[in-house]
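Reader: I'd like a close look at one part of this model, please. Could you walk me through it in plain words?

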Amino acid sequence: MPRTLDPTDVPTVLGESDIARQGRRVLRRRFVTVGAGLGSLAMIHLWRLAGVADHALCAIGPLASPSDTYELLATNSQIPRHERLRSDSGSTIDAIWGWPGYALREAVEDSHPGSAIQALTEPVLHEFFTPKAGQVYRSVDREAARLGWSRVHQPGWVQMIRRAEGGGYWILAESLDDGPIAIAAEHVHVAIGYPGVQLLADLQQFRTDHPESGFRVANAYEAHGYIHDELLTRPSTVLVRGSGIVASRVLQRLLDDVEHNGAQTTVIHLFRTYVSDAQGDSPFFRRPAGNGFAYQPFNYPKSSWGGQLRARLETLDGEARAELIDGMGGTNTAPRRSWRRQLKRHEGRGTYRQMHGVVEKVVPTSDGVRTTIASADGTVATVDAAYVIDATGLQADPTTHPLYADLLARSGARRNPKGRLAVEPSFEVTGTRSGTGRLYASGAMTLGGHYAGVDSFLGLQYAALRIADDLAETGALPRIGPARSARGWLGWARNRRYDSNGVLA
Amino acid sequence: MTPTLLGRIQTRWVLLWTIGLAWVLVVGPFLPLAGPSVGAVWLAGFRTLLIVSIVGTAWEFVYHGLQQLRWDKDWPTLFGLLVGLNEGAVAYVLLRNGLPLAIPGLTVAPFVWQFGTVWLVVWAVSNGPIRVLFPRWRFAGGRFW
């Protein structure tokens, strides 16, 4: 992480002389995306489509490949490259068109029509096709190379974004190769993802109070392979908390090890909210559920990315908007048959047991963790486990990240009804305009705006498209019309690279 | 797909009268059992497109209603293909029986070739290639404007 700047040391609006005084190396780029992850990839993809040349482009972030952070989190949460993500065939993060989708590509690569047939008949005859993680990463690497990523990527950590005198923004950063830098940008896009991993409050307290036993509790997004390794060596009990997609994946890993690798693990699964019946009173808005889980194929109903629910959400504001987002989202998992069958099998054998309640206390024991649970049936139960895996999620509060916190405190940004960063339907960060310059954000931190699926491949692409359209409206970029789009697609399909002038070779 | 009602109707008309029309004009005369003359094939094709556009617009309300019973408010790819059966059957009856747009002497086999291939081509284009030209289309629930 970078050296943090004291926000009060830096003027709210920066001039050239302020930058000169700080002795920073100065870069000037008209379009800058901050994060250099998948959100930035989607943005550069669109900017290249609009014809932007190297000298006007920059993606700043610490990691070399745009999928590095994603892969780290996915791998930690037990989705290695050969496992499948929760994303549909057409959500191709390497191409705005989504065609051919991952299913057709997999069919061609494997010379087997299975995945293509699955995508054609989903979800009627088959479950939704979902791509393997490794396929997505390969597509990202190919696209990054095609876009000239290494030429426009500035390795570094962004410390602060402030308005510039006369319009536009100054991005203050620590370059990984070259010390402090300042980037003068007219338009900035921020896609830095989640501020971090968030351990449940009681488990965080446990770690603080009992550092020697801290390794006994882990968030599923942290590297916790050592837990799975140790479970192979001795009979143990594990407590899993949470009932979303990450919990499903962790349960699968634990039970796969029991079935195939000789682990003698008993899995206790604690639900804070146990969903036994379909959610919703209206026959037109009722989510399937079963065995404690709320079920839907993706993290929001499919049409929230581009159909009826997207259109409806765009018309709503304030609490009504937050309510619809909560109704469509919240904790839920994919109704995969293999998962449901596996849980049933192990429930029968006693190697998987569900509990429903609220944690009252977490204390260490000589060889693990004791969790006291106020059960939903009014009794108090204790669970002694070797390890506790928290599968409840990532840190969602923007103020815990210095960059967001500074935008909120000093640059006019506001929070939306979900407490995250407020953005316009164009994904411009509300209240941050600077002369002709615009500041945009996409990804997880914008949940609560007019689009629900922001934290997804397709959501990042949708945001990038809206941003490109907004910039086209101001005259900063040409609009991506049918001809430009088709030329871009041909270049993508034939793997033609962009040269330094932003022209397809 | 995740169409809105307006998106469904727009997509139907736009694709039938671009891809569908091109198919009827260029490929239609070469289909098996095409008909006595190119003019007759074109006329039959034109009338079929018109019926499928007009009656299909009514069908879209039915599909939209059924879609409301789905949590995801989506319309599976397979449904988009299979509703060709009911639409084809109704269009055939209408084209055969007495409407101003009727095709005199229409029989099943040529109709199946004509209608079936148009339906397949339009369905295939709407499931991917259309986005090459219109990248916003899928986000807009199938609306073009």
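How many residue pairs in polar contact does the rule find across the interface of chain B and chain A?

Author: Before the count, some ground rules: this is a predicted model, where local features need pLDDT of at least 70 and side-chain atom pairs count only at pLDDT 80 or more, while totals for chains, interfaces and linings use all residues. Residues are numbered from 1 along each chain as its sequence is written, chains are lettered from A and ligands numbered from 1 in the order in which they are written, and side-chain values use heavy atoms, with hydrogens and water left out.

Now to your number: the rule finds 16 residue pairs in polar contact between chain B and chain A, both residues at pLDDT 80 or more. A polar contact here is a pair of N or O atoms within 3.5 Å; within protein, one must be able to donate a hydrogen and the other to accept it, and residues adjacent in sequence count only if both atoms are side-chain atoms.

On the chain B side, helix H2 (38-67), helix H3 (77-96) and helix H5 (130-133) are the elements giving two or more residues to the face that touches chain A. Helices are DSSP runs (H or I, at least four residues), numbered from the N terminus. Sorted by class, that face of chain B has 14 nonpolar, nine polar and seven charged residues. For that sorting, Ala, Val, Leu, Ile, Met, Phe, Trp, Tyr, Cys and Pro count as nonpolar, Asp, Glu, Lys and Arg as charged, and the others, Gly among them, as polar.

There's also one salt bridge across this interface, meaning a side-chain nitrogen of Lys or Arg within 4 Å of a carboxyl oxygen of Asp or Glu. It pairs Arg136(B) with Asp469(A), at 2.7 Å from N to O.

As for the extent of the interface, 30 residues of chain B are in contact (heavy atoms within 4.5 Å) with 47 residues of chain A. About 3,000 Å² is buried between the two chains, and carbon and sulfur atoms give 62% of that. Buried area is the accessible area (1.4 Å probe) that two parts lose on being put together, summed over both. Arg136(B) turns up again here: along with Trp71(B) and Phe139(B), Arg136(B) is among the chain B residues that lose the most area to chain A, the three together making up 31% of what that side buries.
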